[in-house]
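These are my notebook entries on a structure that I have not examined before. I set down what I looked up, entry by entry.

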Amino acid sequence: MHPTARALVGESSLRLTVLEGGGDGALDAEVSWAHSSDLLDPTPFLDAGQVLLTTGTQFAADGADHDAYVERLTARGVAALGFGTEVVTAGTPDALVRACASHGLPLFEVPYQVPFIAIARFVADRVAAAEHARDAWALGAMRSISFAALRPEGLGATLVELARQLDRSVLLFDETGAATHDENGEGAALPTGLRDDIRAEAARLLDRGQRSSSTMHLDGTTVTLQTIGRRSELRGVLAVTGERDLDASDQTVVTSVVALVGVALEQGRILSRARSSVRSAAVRALLDGRADLASAVLRELGESVPEGDVVLARVRPDDGGTSESRTVDTTVLDALLDDARVLIGTPDAVHAAADALAAHGARIGVSTPSSASDLPRSYREAGAALDATTPQSRVVHAGELGSRGVDWLLERPGSREIATAVLRPITHDEVLLASLEAWLEANGQTDPAARRLRVHRHTLRARISTIEQLIGRDLSSFAARTEAWIALRAVAAE
């Protein structure tokens, strides 16, 4: 800490006499420097927290306004005023004492034998000692934090040590804006109501996509935030809270921690990618029917396929990719295969993950429950369900597809063109189309179909024979009749 006005006037070698103690705690204010001036308005040359020394030459003229002079000093944030006696006046003017008492400015008297330079040297020496102590503290703090970073849980240990050294609350947000760590120094727990405001500010800095920092003052708490990572590759935001702003030594320590956290997050990202690649290889082995190999690989990762019935979901982002970074329940196997994310787990866990990912812009196809040995079929089912998703229906379960009927099948890319090609030779003959539709709806029975069309059964048989010749198909088989029926639906929809 810098010296205080109380320490200055209490130094016996300076023989200073306090004439006015100022307001409550005024003498305990920190002093940053001591400056002498006999200007009537020295405030342009002063900074807040300084002690001003004067001989009172500015008051020699008749009518000098002591009150206005002191008012200017207090407005500037001067910590105390020292008056040198026996230079212009034998003592300190009573008007100056009254003005200091009125404005709460500490006033002390400097004997003629004490040069102003002695006071300035005292303050300078104490300021230098305080700054040296802060520098030594910063080096010690960074050393302790560096040792913490070498522990197995290096990232968490680093943030705990930072909170202890600063005696402040420390929060770390990941690249999505979610809080991953919340550490507190002794007696420095963060008020719950501030967390949302801090999280919102962290999200704002991340959305900018640039390296930046900001300082907020909320309900008597100062919050300093700093992004982590390179421009356009931000890895998160570190937030430090306390009752006062960070000084230069505090900021030095925080900056070093930002660098350490950045390295830790980048290493964690690389490790996560490696684990993801190994997990994806294991899931691919599962889908290739090599369950023993997959289980052995997953066991090395500390993971496994849940026992009992499982479902498989295939996830494709529909929002520029933001859903790909969303985490899911740790009990769910999460891998990236080809063009889609694959989730494998219990039905409840996968369904919950699918709903959460859909809320963030993804499309998801979910298989029916099966055993782990039947995952290849589940993968195909989930793929069909994924293809059936729409902006309005982002989660589709494979079990629902059978109830969607022929019209849904004809919505698949290219299917309508293939179907209509079957009946291309008779597309423009309404009589033949109507005859074929009535005959197929009667399950290939001529008499009921003829009655519906109000034609003779021999006429209908002749039309069906003509249709068979034109489309090149024998409609006596179930497969041919099914193909013709789907083609009719496609033609009707054109």
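Entry 1: I began with Arg314, which lies in strand S11 (residues 311-317). I take helices (H or I, at least four residues) and strands (E, at least two) as DSSP runs, numbered from the N terminus. The model is a predicted one, in which local features need pLDDT of at least 70 and side-chain atom pairs count only at pLDDT 80 or more, while totals for chains, interfaces and linings use all residues. Residues are numbered from 1 along each chain as its sequence is written, and side-chain values use heavy atoms, with hydrogens and water left out.

Is Arg314 buried or exposed? I noted a relative accessible area of 12%, so Arg314 is buried; buried means under 20% relative accessible area, exposed over 50%, and partly exposed in between (1.4 Å probe, protein chains only). Its side chain reaches the backbone oxygen of Tyr379 at 3.1 Å. I then listed the residues in contact (heavy atoms within 4.5 Å). Leaving aside neighbours within four places in sequence, the partners of Arg314 include Ala340, Arg341, Val342, Arg363, Ile364, Gly365 and Tyr379.

**Entry 2: the sheet around S11.** I next followed S11 into its sheet. The sheet is open and has 5 strands in the order S12-S13-S11-S14-S15, with mixed pairing; two strands pair if DSSP finds at least two bridges between them. Strand S12 (333-337) and strand S15 (395-397) are at the edges with a single partner strand each, so one side of each is left without a neighbour in the sheet. On average, neighbouring strands are turned by 20° against each other, direction ignored. For such angles, axes are lines fitted to C-alpha atoms, for helices over the stretch in contact, and the values run from 0 to 180 degrees between N-to-C directions.

S11 pairs with strand S14 (residues 362-366) in the antiparallel sense, over 5 bridges. Within this pair, Ala313 stands opposite Val366 in S14. As background, I recalled that in a regular strand the side chains alternate between the two faces of the sheet.

Which helices lie across these strands? Helix H7 (residues 248-287) lies across S11, S12 and strand S13 (340-345), and runs at about 85° to S12. Helix H9 (residues 347-358) lies across S11, S13, S14 and S15, at about 155° to S14.

**Entry 3: another open sheet.** I looked up a sheet of 5 strands in the order S1-S5-S4-S3-S2, which is open and has mixed pairing. Strand S1 (17-20) and strand S2 (33-36) stand at its edges; each has a single partner strand, so one side of each lacks a neighbour in the sheet. The twist averages 30° from one strand to the next. S4 and strand S5 (residues 107-110) run parallel and are joined by 4 bridges. The bridge partner of Phe83 in S5 is Glu109. Helix H4 (residues 116-149) packs on this sheet and touches S2, strand S3 (50-54), S4 and S5, its direction making about 160° with that of S2.

Entry 4: Glu86 is in the loop between strand S4 (80-84) and helix H3 (94-103). I noted a phi near 65°, a positive value in a residue other than glycine. Glu86 counts as partly exposed, at 46% relative accessibility.

Entry 5: Strand S6 (residues 169-174) and strand S7 (residues 179-184) pair in the antiparallel sense over 5 bridges. Val170 stands opposite Glu183 in S7. The two strands, S6 and S7, form a hairpin with 4 residues between them, and Gly177 in the turn has a positive phi of about 95°.

I turned then to Arg235, which lies in strand S10 (residues 233-242). Arg235 is buried, with a relative accessible area of 12%. Not counting residues up to four places away in sequence, Arg235 touches several others, among them Phe173, Asp174, Glu175, Glu266 and Arg269.

Entry 6: Helix H15 (residues 446-453) and helix H16 (residues 457-471) pack at an angle of about 105°, with their axes 9 Å apart. H15 and H16 are therefore roughly perpendicular to each other, a term that covers 65 to 115 degrees. Arg454 lies in the loop between H15 and H16, and counts as exposed at 79% relative accessibility.

Methods: Parallel < 35°, antiparallel > 145°, perpendicular 65-115°, else oblique. Polar contact = N/O pair within 3.5 Å; in protein donor to acceptor, adjacent residues only side chain to side chain.
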